[in-house]
Structure formats: structure tokens, C-alpha cells
Amino acid sequence: MRALSTGCIVLLTAIPLLSASLCLGAEPEAKSDPALVASPVNTNPGPEYADNTRMFQGIPGMERAANGRLWALWYAGGTGEGELNYVVLVTSGNDGKTWSGPKVVIDPPGPVRAYDPTLWRDPSGRLWLFWAQSYRWWDGRSGVWAITTDDADKENPTWSAPRRLCNGIMMNKPTVLSNGDWLLPVAVWKQSAKASIEHRFDLPEERGGNIVISRDQGKTFELLGQTDVPHRTFDEHMIVERKDGSLWTLVRTSYGIGESISTDGGKTWSAGKESSIPHINARFFIRRLKSGDLLLVRHNPENRKTRSDLTAYISKDDGKTWEGGLLLDERPGVSYPDGVQSEDGTIYIIYDYSRTGDKKILMTTFTEADVLAGKPVSGKVRQRVLINQATGKKPEKK
């Protein structure tokens with residue numbers, strides 16, 4: 001394997017059908033490929049990124065520094081998903097009681113959008129800000145980019161230069177295995193780019209819920225394996241290492257949640273199938289808690305269609321059964337949960353509400369005990385905490 005200047009690896013993978021180009025360097029093609037140009041890291045966003053300019057926002061992520069500082073991000077820009085999208089990062093130093101305005105904006109030049117971001121604090125304490133970057137809405141390839149900081153406890157940290165890690169999109173947090181390896185859930189969508197797009201790519205062998213691994217704490221990344229679940233939609237997959245050492249990947253599908261299992265560390269995966277978890281066609285959130293139990297946040301509407309009734313559950317048997325059921329927000333239009341747990345056991349969940357209407361980014365907090373009881377019992381439940389509300393209006397048609 002040959003390391004590239006961006007820290008990626010040219011892949012010589014044991015999976016014969018997968019392209020050896022999953023990890024790409026940004027420099028060689030950047031002059032002719034706008035999506036490979038590193039976005040400026042704007043740490044002093046101007047009024048053009050103020051709340052009253054944003055007509056759309058959603059798809060959030062959240063992390064927590066060692067000292068308790070909270071970080072939240074989402075993407076906005078334009079009137080919906082498209083080439084005007086950019087990523088916004090905000091912070092709170094008082095446990096979410098109040099939030100800053102934009103601290104960082106990732107806004108690529110030209111008709112290139114930044115979208116589907118996620119935040120993750122690695123085992124060393126370094127905070128990673130990941131986002132996807134694509135020419136127009138979807139160029140058939142996209143790419144995972146990242147910046148990092150070792151100063152996540154500070155209100156205005158110093159960030160690294162942007163770095164392209166691989167093809168695809170990663171909107172969910174990596175998973176750290178018991179052996180210390182990192183697994184990144186990176187998707188290449190199944191649909192092709194529109195023929196009218198100037199910079200478009202056809203990567204059929206890379207389409208799937210890809211598993212990208214770093215064995216050296218983020219210095220290099222390579223393709224490890226790939227899940228392929230029937231009727232997958234945007235993948236948005238999440239990886240759980242089970243107590244028996246197997247890996248369980250859950251994938252967004254048209255019917256809800258599909259699953260695939262690996263018993264060799266993620267190199268090969270079982271044929272994808274429908275999981276036993278009821279859901280709708282939308283993002284969910286699953287994560288192992290400090291207790292060793294699993295937390296699942298999913299929609300639970302009666303009609304199995306509406307993005308409503310966002311509810312938290314606990315599994316004490318590695319996902320075989322689920323207990324409790326704490327209703328976080330029952331309204332239609334709530335979606336895309338992400339979260340983190342503090343050292344004292346408090347769980348923080350972020351989600352969006354009414355992306356083009358009220359345009360709210362919200363947070364709720366609770367504990368495992370609250371979920372199991374199905375009601376607040378801990379004294380730590382806070383619901384519908386406002387992180388940000390955009391107030392931009394679409395221009396009226398003349």
C-alpha cells in the first residue's frame with residue numbers, strides 16, 4: 001500500500017469487486033475537479049451565515065468535550081438539499097442552556113455542497129468534524145472530509161487543515177473496536193448521478209454500506225469490507241461491536257432497518273436482510289452506553305410512515321430484545337437523531353424539527369433509567385431544548 005499526501009491509502013483490498021480508488025488524494029485532480037478542492041475553514045463567519053439568512057437546516061450531530069463543553073452541527077444553505085449547502089458548528093459551555101452563534105462554517109466554493117456532517121471525539125480526546133463534499137447534489141462519488149482539534153474544551157479551538165479521507169458519505173459516528181481499530185460507516189449511494197452533471201462519476205463496485213478502517217488512530221484509512229442490504233436508501237448505517245466479538249451493522253432501508261453481520265472483523269458480511277426492529281424510512285441512532293447496554297433512538301409512529309414519535313429504547317442482550325420506551329418528541333417533522341453520553345451517565349440527543357418551516361435544531365437529555373422506566377425518574381430529563389432556530393424566508397415569487 002502507498003500512502004498519499006492526504007493520509008489516504010491506495011487500496012489493495014482482498015475484496016475483488018471493490019475499486020482500488022476508494023481513498024483518493026485531494027491534490028492530483030483538484031484543478032479539474034471542484035469537489036476535490038479543500039473548503040475554507042471559516043472560523044469567523046459573517047452575517048451571510050446568520051440565523052435570518054437560513055431558509056433550510058437539519059441533519060444534526062453532537063459531541064461533548066472532556067470538560068463538558070457541548071458541540072453541535074448541521075447543514076443549511078439554500079432552500080433545501082443542493083449545491084448551496086454548507087455546514088454550521090456551534091457550541092455551549094453551560095450544558096446546553098445557551099448556545100453560541102456559528103463558530104465554524106464549511107462552505108466549499110462553486111457549485112459544491114458540504115452536507116451530512118458528524119462530530120466525534122476519538123479515544124485520545126481529539127474532536128473530529130466530518131462532512132461530505134459533492135459536486136452539486138450528487139456526483140456519484142462525493143467524499144468524506146475532516147478537520148480536527150485537540151482543544152475541544154475551548155470555545156474557539158484551533159482546527160487542522162481539511163483532509164479528504166475517502167469516497168462516499170459518513171453521517172454517523174465511527175466505532176472503536178475492542179482492539180483499538182476505528183471503523184467508519186461510509187456510504188456510496190446506489191443511485192447514479194444525473195447525466196446532465198458536468199463532473200459525475202460511476203462507481204458501481206463501491207456502491208454500498210462501506211466499512212473503512214483506521215488501524216493507526218486516524219493517520220491512514222483503507223476499505224475493509226462492504227455491506228449490501230436489499231432496498232437500502234442512503235445507507236446511513238451504524239456499526240456495533242457485539243459482546244461475542246461479531247460486528248452488527250444496521251442500515252436504513254425503504255421499509256425501515258436492515259442488518260448485516262460480520263464474524264471476521266468486518267472483512268466479509270452476511271447477506272443483508274430485514275432486521276426485527278420496526279422503523280420508518282429515516283435515520284436512527286444506536287450506540288453502546290457506558291453500562292454496556294445498547295441505546296436505540298428510532299421513530300415509533302402507528303402508521304410506520306411518519307417521521308414522528310422519536311423514542312429511546314435499551315437493550316441488555318446486544319439487540320435481541322428492547323426494553324423501556326421514553327418518548328422524546330411526538331410531533332411530525334422530527335428526525336435524524338444523534339447523540340453522546342457524559343461520564344455521569346446523562347445521554348444527550350440532538351435532532352431536527354421542521355427543516356423548512358420552524359427550522360429548529362433541538363436537544364433532549366435523559367438517563368438509561370428514564371428509558372427503562374418509560375418516563376422521567378432521574379431528574380435529568382430536559383426536552384425540546386432549543387439549540388438553534390433559523391428564520392430565513394424564501395423570497396416571494398414575483
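Colleague: Anything to know before we start?
Modeller: This is a predicted model, where local features need pLDDT of at least 70, side-chain atom pairs count only at pLDDT 80 or more, and totals for chains, interfaces and linings use all residues. Residues are numbered from 1 along each chain as its sequence is written, and side-chain values use heavy atoms, with hydrogens and water left out.

Colleague: OK, what volume does the largest pocket have?
Modeller: About 750 Å³. A pocket here is an open set of points on a 1 Å grid over the protein atoms alone, with protein on both sides within 12 Å along at least five of seven lines. Points are joined across faces, edges and corners, and a volume is the space filled by probe spheres set on the points.

Colleague: Which residues lie nearest its centre?
Modeller: Trp-120, Arg-121, Arg-287, Arg-288 and Lys-290, out of 29 lining residues. Lining residues have an atom within 4 Å of a point.

Colleague: And which element gives the largest share of that lining?
Modeller: β18, with 4 residues. Strands are DSSP runs of E, at least two residues long, numbered from the N terminus.

Colleague: How does the pocket lining divide by class?
Modeller: Into 14 nonpolar, 5 polar and 10 charged residues. Ala, Val, Leu, Ile, Met, Phe, Trp, Tyr, Cys and Pro count as nonpolar, Asp, Glu, Lys and Arg as charged, and the others, Gly among them, as polar.

Colleague: Switching topic, how many cavities of 30 Å³ or more are there?
Modeller: The structure holds 1, and about 60 Å³ of space lies in the largest cavity. In a cavity, a 1.4 Å probe fits but cannot get out.

Colleague: What lines the largest cavity?
Modeller: The residues include Asp-116, Met-170, Trp-189, Phe-234 and His-237. β14 gives the most, with 3 residues, and by class the lining has 7 nonpolar, 2 polar and 2 charged residues.

Colleague: Now the sheet. In what order do the 4 strands of the open sheet come?
Modeller: β22-β23-β24-β25, with antiparallel pairing. Two strands pair if DSSP finds at least two bridges between them.

Colleague: Why is one side of β22 and of β25 left without a neighbour?
Modeller: Both stand at the edges, each with a single partner strand, so one side of each has no neighbour in the sheet.

Colleague: How many bridges between β22 and β23?
Modeller: They pair over 6 bridges, and Val-334 stands opposite Tyr-353 in β23.
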